[in-house]
Structure formats: structure tokens, C-alpha cells
Amino acid sequence: MVSGAAGLALPVAGCGAGRDRWNEAVAETWAALSAGASLGELVRYATLAANSHNTQPWRFSATENAVTIMPDLSRRTPVVDPDDHHLFVSLGCAAENLSIAAEARGRRATVTVDAAGDGRVAIALEPAPAAETPLFVAIPERQCTRSDYDGRAVPADDLAKLEEAARVDGVDVVMIADPARMVAVLDYVVAGNTRQVEDPAFVAELTEWLRFNAGQAAETRDGLYTAASGNPTTPAWLGRLVFPWVFSAGSENDRYRRQIRSSSGIAVFVARAEGKAGWVAAGRSYQRFALQATALGIRNAFVNQPVEVPAVRAEFAAWLGLGRRPDLVVRFGYAPPMPKSLRRPVADVMA
Ligand SMILES: Cc1cc2nc3c(=O)[nH]c(=O)nc-3n(C[C@H](O)[C@H](O)[C@H](O)COP(=O)(O)O)c2cc1C
């Protein structure tokens, strides 16, 4: 069950011109894929993937039979993601969207990662019967929903569908629905979040990527629009000035306590191989999970603090007992949609 139609995202309040430009950009970004989709249209669908801080750290090149996704290192976030883990996960999310969209338009996709080189992801396309799957239909509906959820449990059948959808070679998904284990994850989220919020470099980097009002979000078409996370909008200059002062570990931790306690469960994605190929695989698995969740009317959002702070990550890995680096932590459950985030136009991401 998917609520709403492509492009019919929630309108946001705000001053007239900025809000109008934002609404137009949302409609353009999230429009449904046309019937005879060109490679450019497939690239647009790839960019609708989840990506860290919405930096959209990718550049695309396309030939008749292949699309290549290259890392755009000018869009790194070196404080929160010093080894580019999240950047390569983001490329994996985009590769999965592109593969699913290509399949819907009669092209079978094979994904390979240049792990020994710069980590670019090549997607070879060959003719195949067209298949519009529920995951394809969910691409323009998916979002990271960073609100409180309503606490309802996800039925066992649907949990099984999420696990099945997320199955990608080389990635394990640990599903956690037991309340005591969810509280244990919450403790790692709070430990990681406290260190991040108290680190001025982390706050400065985050502030750079925040978009404080609809007009600013529509102008850059990247970054984290405050309204999409349920936060107030302000003039950009004021937001940049005030945010570092009002962003506090106490209130953020309270927000995460509410958010995790109101979620139905948590999924942890763990690639078997550490390095670019494993990180891309983790992104592909997450994107499939998120699309299947969307198709079932289930929301999700990342709570990645336990994997972002190295000291906390080591403890979290030991708690999970897998002997490997955990890649992504995602909560899921039920909630109304939030305003969408934007993407840059395809012309801006073609190499
Ligand atoms: C590797 C990765 C890490 C992310 N980490 C977080 C996170 O810790 N907290 C969060 O709220 N969102 C996180 N996100 C979600 C992105 O911010 C989100 O995908 C982006 O802003 C675009 O929004 P959308 O997914 O709703 O289209 C992450 C996404 C990826 C792919």
C-alpha cells in the first residue's frame, strides 16, 4: 500500500516565492518515469536514492548499453564519513534504483564495482522482458521519514517480505524487534549522538548541508531541508548563525528516544566484505529494503550514530556478535509522510 501519487508530496508552509519554487522542484524531481524512458530518465530515477546528507555524491556517464556511477569526491563529508563509507553506500543505493528502473523498461542490469580503482559502479544493460515490480512503483514514493512513528508492530508476513527484498549477495540484515534489544540499540544511538553533537567539526559540517527554508532548498536542490525533518524554517543566514547554538545533545537524544521507542523495529545491515564493494552492496540491500517497506506502507529512517563514531562502532559490533563492521542502522514503523527532499537536475550530475 503506497499513499499518495508520484509528485504529490506534502506542500510546505513558507513565504510565497520560495515555497512555489520548492513545490515545482519537488514535482519535477519525483515525477513518475515516462513510458519510453531514456537513459537520462533512468539516471534521474537513480538520483532518487537515499544518500548521506543528501550531498548526492555522484556523477553519471551513459552509453547505449551501460551507465557508470562515479564518486564525486567534491561532495564528501569528511567529518561524519572520513573513509567515504557512506559515500559508497550512497552509490550502491543509486545503482539499485537504476537497476530496478531499467528492468521496468526492458533492460536487465548487472552491477560491478571497480573496488581496486576509484570505486566507480558500472551497470551493464541488456535487453530483457520489461517488469514493473512493486519496488519500481515505490521509487518515487520512498523517503527517509524522520518523525515519531505510531508504535504499531509490523506483521510477521511483512517482516519476512522486508528481509527477502533486502537479500543481496554479501550482505546480512539483522532484524531487531524485541523491545529490550531495541533499547540496547537506542543506548548506542545516544552514546554516538552525544559525541557527535559535542564535536564542533561535526556540527559545522552538518550546518553546511542544512537548508533552512524552501527557497534555499529549491536553489541548491541538495542538502537537508529542515522541514523534511520536522524542524522549523528560518532565513538561511539566521539558521546558520543560530543552529550551532540551539543544537544540543539533550534535546536530540530525547528526540531519538521518542523515535526509537515509537518504531516497530530496527534493521542493521552488515556487509561481509569491508571496503568499497561491500559498502556498495550494503547500499543496494538497504535501498531494496526501503522500497519494499514503502510498497507495504512502512516508513523508515536511519539512526546511524552507532556506526559513525569509531569507538561506539566497536562496542556495537561486539554487541551484535558478528565479528564484522556494521554498516547501517535503520528504524522502521508507521507514520504519515513528511515533506520530500530534492535532487539536482540530471544535467548537473552527468560527467
Ligand atoms: C549511507 C547513508 C547514511 C545516512 N545516514 C543518515 C543518518 O544518520 N540520519 C538521518 O537522518 N539520515 C541519514 N541518511 C538519509 C539521508 O539523509 C537521506 O537519504 C537524504 O537526505 C535524502 O532524503 P530522502 O532519502 O528522504 O530522499 C543516510 C543515507 C545514507 C545513504
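**Note on the ligand site and the sheet**

1. A polar side-chain atom of Arg142 lies 2.9 Å from an oxygen atom of the ligand. A polar contact here is a pair of N or O atoms within 3.5 Å. Ser341 also places a polar side-chain atom 2.9 Å from a ligand oxygen. For Arg343, an N or O atom of the side chain is 2.8 Å from an oxygen atom of the ligand. The protein covers 92% of the 620 Å² of accessible area that the ligand has on its own (Shrake-Rupley method, 1.4 Å probe).

2. The model is predicted: local features need pLDDT of at least 70, side-chain atom pairs count only at pLDDT 80 or more, and totals for chains, interfaces and linings use all residues. Residues are numbered from 1 along each chain as its sequence is written, and side-chain values use heavy atoms, without hydrogens and water.

3. Four strands form an open antiparallel sheet in the order 5-8-10-9. Two strands pair if DSSP finds at least two bridges between them. Strand 5 (171-176) and strand 9 (299-302) each have a single partner strand, so one side of each lacks a neighbour in the sheet.

4. Six bridges join strand 5 to strand 8 (residues 265-271). Ile176 has Ile266 as its bridge partner in strand 8.

How values were computed
Helices (H or I, at least four residues) and strands (E, at least two) are DSSP runs, numbered from the N terminus. A polar contact is a pair of N or O atoms within 3.5 Å; within protein, one must be able to donate a hydrogen and the other to accept it, and residues adjacent in sequence count only if both atoms are side-chain atoms.
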